[in-house]
Amino acid sequence: MKRFLVFLVLILTFVVSAYAFKVIMVTDTGGLGDKSFNDGTWAGIQMAVEEFGLEANVIQSYEQADYIPNLTKAAQEADVVFAVGFMMTDALFKVAPQFPGTYFVGIDITPPEGSEYPNVMTFTFKENEAAFLVGYVAAAMTKSNIVGFIGGIPIPPVERFRYGFEAGVKTYSELHDKDVQILKGYTMVFDDPKKGKDLAMSQFAEGADIIFHASGACGNGVIEAAKEKFTALAGTSDLAGLIDYYWKNGTGLFAMGVDADQDYLAPGAVLASAMKRVDMAAYYGVRDAFEGTFEGGMKVLGLKEKGVGISPMKYTKGLVPNSVIAELYYIINLVNEGILSIPITQEELDSFSVPEIEFPF
Amino acid sequence: MTWIISILNIFTNPLFYKITLTAATPFIFAALGGVFSEITGVVNIALEGIMLLGAFVSIVFTYLTGSPWIGVLMAMISGLGMAWLHAWASIKWYGNQIVSGTALILLAQGLTGFLMEPIFGKPGQTDFIGRIKDIKIPFVKNIPFVGEIIGELNPLVFIAIGLVFFSWWFLYKTTMGLRMRAVGENPEAADTLGINVYKIRYFGVLMSGILASLGGAFLSVGELGQFKELMTGGRGFIALAAMILGNWNPIGAFWACLLFGAAEAMNNQLQSSPILQISASTKPLFNMLPFIVTIIVVSGFIGRTRAPAADGVPYIKD
């Protein structure tokens with residue numbers, strides 16, 4: 001009898017596990033812990049897992065050659081497979097057509113021409129909209145009237161950050177009659193913090209007082225540079241000291257983070273972050289697959305879909321004047337309603353003219 | 001015209017010299033390490049790996065003890081360990097020095113990546129852990145131009161410069177230095193004169209480990225206060241190029257390192273120049289500057305530098 005019970009339980013677990021809805025995420029070479037795509041996607045999957053009671057797993061890729069075998073293995077086991085990051089585009093579109101019964105979700109992936117499958121949903125982001133907001137804040141907060149932009153390699157997502165940032169700075173400048181100049185530079189790598197720091201130091205020396213970076217881990221160096229300079233100026237590195245200094249002297253030196261909320265990396269010295277809500281994309285992907293509303297094709301997430309945004313400025317919100325915050329929310333509304341469109345290409349940026357915005361306050 | 005003005009502006013800007021120094025510091029440490037090893041006849045391309053492990057170990061011990069200087073000390077010990085492996089394989093067992101060096105680079109990359117998770121709980125990169133404070137020299141700081149360059153710098157930069165002159169004195173003015181050079185030029189002759197070739201070579205390689213690991217520690221606890229996998233970004237190899245360009249001489253290597261540092265600083269300053277009107281799409285090209293300088297200078301110097309005669313040749317005693 002006992003043996004029969006054990007047998008029954010075993011059978012039951014097999015049956016249940018075979019029918020449980022399973023999500024497998026294949027990381028890119030960055031892996032979990034990158035505080036960007038991979039972590040963000042995983043957080044979104046976890047959100048869905050808790051809400052719907054699913055099962056989720058990760059397969060880590062260590063080199064690019066792992067992508068195809070890992071995706072294949074995941075597709076054999078799971079109902080939903082996640083491919084994370086621009087670099088996995090080719091692998092995803094090689095594997096997905098072979099498993100029409102499995103759903104695939106690609107994060108930050110644009111399908112190549114002519115390869116649209118009903119079981120593949122990909123997400124990209126309107127980085128320019130997030131960057132527009134931080135650009136607007138930067139232009140409002142700069143005292144030297146010079147702000148900086150540091151990019152990694154000028155791939156499309158990095159450039160979209162730049163277009164939005166430039167447009168944001170320009171918009172604030174014209175609405176408030178301020179002449180703000182932008183220094184721009186590129187590190188040409190994503191993983192050398194020292195290069196980011198040196199470039200940031202150069203921009204600070206040329207008079208920039210706020211630097212926005214879209215340069216991956218080089219940005220750690222940018223943030224460290226801001227922290228070092230601001231600390232030297234204020235004579236203290238703790239948050240209260242920095243804020244006191246800012247209120248007494250009306251100036252500070254700041255970095256601006258990217259992708260995730262990087263404000264905590266150097267409290268007080270990171271003014272705000274342009275966030276890309278990879279987690280929301282992952283959540284939508286799992287939810288649609290689970291609820292049976294999955295549609296193949298590319299989804300572009302912007303402010304309206306809460307796919308991008310500005311960080312809540314946990315440490316520095318007190319420094320930004322209320323009027324600027326109010327204007328920011330007004331602008332978010334204008335973008336959501338489609339009244340204000342933010343340049344997403346170099347041509348659009350060149351021909352971007354600041355619309356007449358009448359703030360109702 | 002704006003080009004000339006902006007370049008002149010850069011040369012008169014003290015920050016250009018300061019970034020040159022800090023960008024050159026990791027090269028200086030590693031290149032000195034290369035000199036110590038190769039002057040005794042052992043090629044050490046493991047510098048890159050030794051730096052990476054040094055960067056990692058210094059952050060780990062800063063994290064554990066709260067003191068970046070203990071981190072630096074432990075980095076030196078880790079460098080000693082790596083160099084000992086290299087020496088053991090290539091001196092004791094006459095192994096191919098390039099293969100052993102490459103293996104050590106791979107070992108350092110794998111080891112640091114693997115240990116991130118158990119120590120810091122996540123792969124990739126650490127948070128800001130803590131770094132060595134810059135030191136202010138009060139009376140120098142007030143000198144107008146010079147003060148802005150060296151008035152407030154990371155102590156490791158001064159240590160690097162001090163080590164350059166120490167190394168030159170050690171290698172060219174002491175008996176030990178003479179013996180090291182003799183072993184690198186003609187180990188058989190040195191051996192017949194009663195010099196223990198193996199011991200001298202061990203000494204050279206171990207010194208190179210200590211020096212190169214300081215370069216790694218400078219990158220992590222010196223400049224950034226955090227570790228990122230593969231953060232050395234090929235600096236160990238650039239240091240090797242600097243060593244060759246400097247003709248295996250500490251002072252020469254120092255100038256070569258400054259040249260590479262200056263190219264990097266020039267790149268940053270030109271990109272940040274407010275008067276140069278360059279479109280953002282051409283700015284990434286400036287990052288080629290250090291490599292262009294390297295190619296021009298190295299090709300100009302080819303044939304004029306000479307490696308120690310027994311460099312890279314294992315010594316087998318009959």
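What follows is a chat about a predicted model with chains A and B.

Colleague: Before we start, what should I know about this model and its numbering?
Modeller: It is a predicted model, in which local features need pLDDT of at least 70, side-chain atom pairs count only at pLDDT 80 or more, and totals for chains, interfaces and linings use all residues. Residues are numbered from 1 along each chain as its sequence is written, while chains are lettered from A and ligands numbered from 1 in the order in which they are written.

Colleague: OK, how is chain A divided?
Modeller: Into domain 1 (2-125 + 278-301) and domain 2 (127-275 + 321-350). Those bounds come from an automatic or database domain assignment.

Colleague: How far apart are the C-alpha centres of the two domains?
Modeller: The centres of domain 1 and domain 2 of chain A lie 33 Å apart.

Colleague: And how many residues are in contact between them?
Modeller: Five residues of domain 1 of chain A are in contact with four of domain 2 of chain A. Being in contact means that two C-beta atoms, placed from the backbone, lie within 7 Å. The domain 1 side has one nonpolar, two polar and two charged residues. For those classes, Ala, Val, Leu, Ile, Met, Phe, Trp, Tyr, Cys and Pro count as nonpolar, Asp, Glu, Lys and Arg as charged, and the others, Gly among them, as polar.

Colleague: Switching topic: how many residues does each chain give to the contact between A and B?
Modeller: Chain B gives 30 residues and chain A gives 33. On the chain B side, the elements giving two or more residues are helix 2 (14-38), helix 11 (197-224) and helix 13 (250-272). Helix 13 of chain B gives the most, with five residues. By class, the chain B side has 12 nonpolar, 13 polar and five charged residues. Helices here are DSSP runs (H or I, at least four residues), as are strands (E, at least two), numbered from the N terminus.

Colleague: What about the largest nonpolar core, how many residues has it?
Modeller: It has 194 residues, and those with the most contacts inside it are A:V134, A:A226 and A:M256. A nonpolar core is a set of buried Ala, Val, Leu, Ile, Met, Phe, Trp, Tyr and Cys residues joined through C-beta atoms within 7 Å. A residue is buried if 20 or more other C-beta atoms lie within 10 Å of its own, exposed if 12 or fewer, and partly exposed in between. Helix 11 of chain B gives the most to this core, with 14 residues.

Colleague: Which residues is A:V134 in contact with?
Modeller: Leaving aside neighbours within four places in sequence, A:V134 is in contact with residues including A:F165, A:F212, A:M256 and A:I310.

Colleague: Is helix 7 of chain A largely enclosed or exposed, and why?
Modeller: Helix 7 of chain A is largely enclosed by the rest of the structure, because 12 of its 13 residues are buried. Among them are A:P193, A:L199 and A:F204. After helix 7 of chain A comes A:G207, with a positive phi near 110 degrees.

Colleague: Now helix 3 of chain A, which residues are buried there?
Modeller: In helix 3 (residues 67-77), they are A:Y67, A:N70, A:L71, A:A74 and A:A75. They fall within an arc of 130 degrees seen down the axis, so they line one face of the helix. The arc is that of the directions from the helix axis to the C-beta atoms. The face turned away from the buried side carries the exposed A:Q76 and A:E77. The buried residues pack against strand 1 (22-26), strand 2 (55-59), strand 3 (80-84) and helix 4 (89-95) of chain A.

Colleague: And helix 8 of chain B, which residues are buried?
Modeller: B:L156, B:V157, B:A160, B:L163, B:V164, B:S167 and B:L171 are. They cover an arc of only 110 degrees around the axis, which puts them on the same side of helix 8 of chain B. Facing away from that side are the exposed residues B:G162, B:F165, B:W169 and B:K173.

Colleague: Last one: what is the phi of A:D177?
Modeller: A:D177 has a positive phi of about 50 degrees although it is not a glycine. A:D177 sits in the loop between helix 6 (156-175) and strand 7 (181-186) of chain A, and counts as exposed with 6 C-beta neighbours inside 10 Å.
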